[in-house]
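Please read it alongside the sequence and the coordinates.

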Amino acid sequence: MHVFLLLTIVVGGESVDLVGQTGVVAKFVLLLLLAFSLVSWAIILSKWSLLRRARVQSGRFVRAFRKAQRLQDVGAVAEQFRPSPLVGVFEGGFEEYRRQGGVSSGMIKNPTAIQRAMQIANSEELTRFERNLPWLAITGAATPFIGLFGTVWGIIDAFHGLGTAGTGATLKAVAPGISEALITTAAGLAAAIPAVIAYNLIGASIREFAARGDDFAMEMLNAVERQQPQAAYSAAEVPGARR
């Protein structure tokens with residue numbers, strides 16, 4: 001009862017009456033489109049919240065990283081910035097740094113391995129952000145055609161009724177059936193448009209985080225090199241450096 005009243009307020013009483021007068025196939029199509037729309041909006045809201053928190057925590061984490069004197073100090077507080085994908089990038093590089101003995105001696109054997117570890121971690125973080133995102137693309141591509149199917153089916157029924165009604169039938173008699181059929185097209189567009197917009201906006205934000213992760217990886221490599229003893233730094237293999 002409450003759902004019916006809400007629909008009446010949002011879309012108008014006449015539209016709700018048209019939905020109630022549609023046939024079985026059209027009702028099934030509308031329920032399918034409603035399911036697509038609800039799942040899409042759940043993904044949109046969850047991704048929006050995730051990206052908003054990740055953006056805020058990334059700024060805080062970068063400030064904490066730049067203020068720290070040692071990588072160990074950053075590792076001790078990194079967990080509190082967890083929503084940020086930069087934390088995963090840092091932990092991937094720091095684990096390799098620790099494995100090479102950098103925590104105890106400050107010397108590392110292979111900076112390239114640290115860089116690769118951060119690239120892998122960055123890729124894993126982006127994969128986490130992209131989880132369930134293809135559903136928005138599927139919704140944007142499929143729901144207009146699902147709605148169109150309902151419309152075509154309804155128009156076929158309407159004209160079939162017009163043909164069987166005899167010579168006394170007019171377009172005025174079949175117009176209500178056609179207007180009912182067009183409801184499914186409107187529902188398909190209502191499900192598709194937010195999904196397409198959100199897919200592109202969320203994808204742009206994820207690409208922004210990908211670039212930011214690459215920049216942070218280079219910044220961390222610089223921090224690793226600064227913490228090496230001078231003799232070790234001169235002997236270390238720095239990616240891209242001239243010999």
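1. Glutamate 125 counts as buried, because its relative accessibility is 12% and the cut-off for buried is under 20%. The residue belongs to helix 7. Setting aside residues up to four places away in sequence, glutamate 125 touches Pro85 and Gly88. The model is a predicted one, and the values in this note should be read with that in mind.

2. The chain as a whole contains 10 helices and zero strands. Read from the N terminus, the order of elements is α-α-α-α-α-α-α-α-α-α. Of its 243 residues, 38% count as buried. The chain exposes about 14,200 Å², and 64% of that area comes from carbon and sulfur atoms. Taking contacts between residues at least 6 apart in sequence, 75% join residues at least 24 apart.

3. How do helix 3 and helix 5 pack? Helix 3 covers residues 24–67 and helix 5 covers residues 85–99; their axes are 8 Å apart, at an angle of about 40°. The two helices are therefore oblique to each other, since an angle under 35 degrees would be needed for roughly parallel. On the helix 3 side the contact involves Ala54, Ser58, Phe61, Val62 and Phe65, and on the helix 5 side Pro85, Leu86, Val87 and Phe90. By class, the residues of this contact are eight nonpolar, one polar and no charged.

4. Helix 3 also packs on helix 7: the axes come within 10 Å and cross at roughly 145°. Lys47, Leu50, Leu51 and Ala54 of helix 3 meet Arg128, Phe129 and Glu130 of helix 7. This contact has four nonpolar, no polar and three charged residues. Ala54 is listed in the contact with helix 5 and also in the contact with helix 7.

5. Valine 87, in helix 5, has a relative accessible area of 0% and is buried. Beyond its neighbours within four places in sequence, valine 87 is in contact with Phe61, Ala78, Phe81 and Arg82. Its C-alpha atom is separated by 9.5 Å from that of glycine 213, a residue 126 positions apart from it along the chain.

6. Which residues have the most contacts inside the largest nonpolar core? They are Phe61, Phe65, Leu71, Phe90, Phe216 and Met220, in a core of 22 residues. Helix 3, helix 4 (71–77), helix 5, helix 7 (111–130) and helix 9 (171–226) each give two or more residues to this core. A second, separate core has 15 residues, including Leu51, Leu136, Phe209 and Ala210. In soluble globular proteins, nonpolar side chains tend to be buried together.

7. Leucine 71 deserves a separate look. Not counting residues up to four places away in sequence, leucine 71 touches Phe65, Phe90, Phe94, Tyr97, Met220, Ala223, Val224 and Gln227. Among these, Phe65, Phe90 and Met220 are also listed with the most contacts inside the largest core.

8. Apart from its neighbours within four places in sequence, the residue contacts Ile146, Gly147, Phe149, Gly150 and Thr184.

9. Alanine 142 lies in helix 8 (residues 134–164). With a relative accessible area of 24%, alanine 142 is partly exposed, because buried requires under 20%. From C-alpha to C-alpha, alanine 142 and alanine 191 are 9.7 Å apart in space and 49 residues apart in sequence.

10. Two loop positions remain. Glutamine 228, in the loop between helix 9 and helix 10 (230–235), is buried at a relative accessible area of 6%. Its C-alpha atom is 8.3 Å from that of serine 105, although the two are 123 residues apart in sequence. Asparagine 132, in the loop between helix 7 and helix 8, has a positive phi of about 70° although it is not a glycine.

Notes. Residues numbered from 1 in each chain as written. Predicted model: local features only at pLDDT ≥ 70, side-chain atom pairs only at ≥ 80, totals over all residues. Heavy atoms only, no water. Axes fitted to C-alpha atoms, helices over the stretch in contact; angles between N-to-C directions. Helix = DSSP H or I, 4+ residues; strand = E, 2+ residues; numbered from the N terminus. Parallel < 35°, antiparallel > 145°, perpendicular 65-115°, else oblique. Contact = heavy atoms within 4.5 Å. Nonpolar A, V, L, I, M, F, W, Y, C, P; charged D, E, K, R; others polar. Buried < 20%, exposed > 50% of the residue type's maximum accessible area, 1.4 Å probe, protein only. Core = buried A, V, L, I, M, F, W, Y, C linked by side-chain atoms within 4.5 Å. Areas by Shrake-Rupley, 256 points an atom, 1.4 Å probe, with all protein chains shown as cover.
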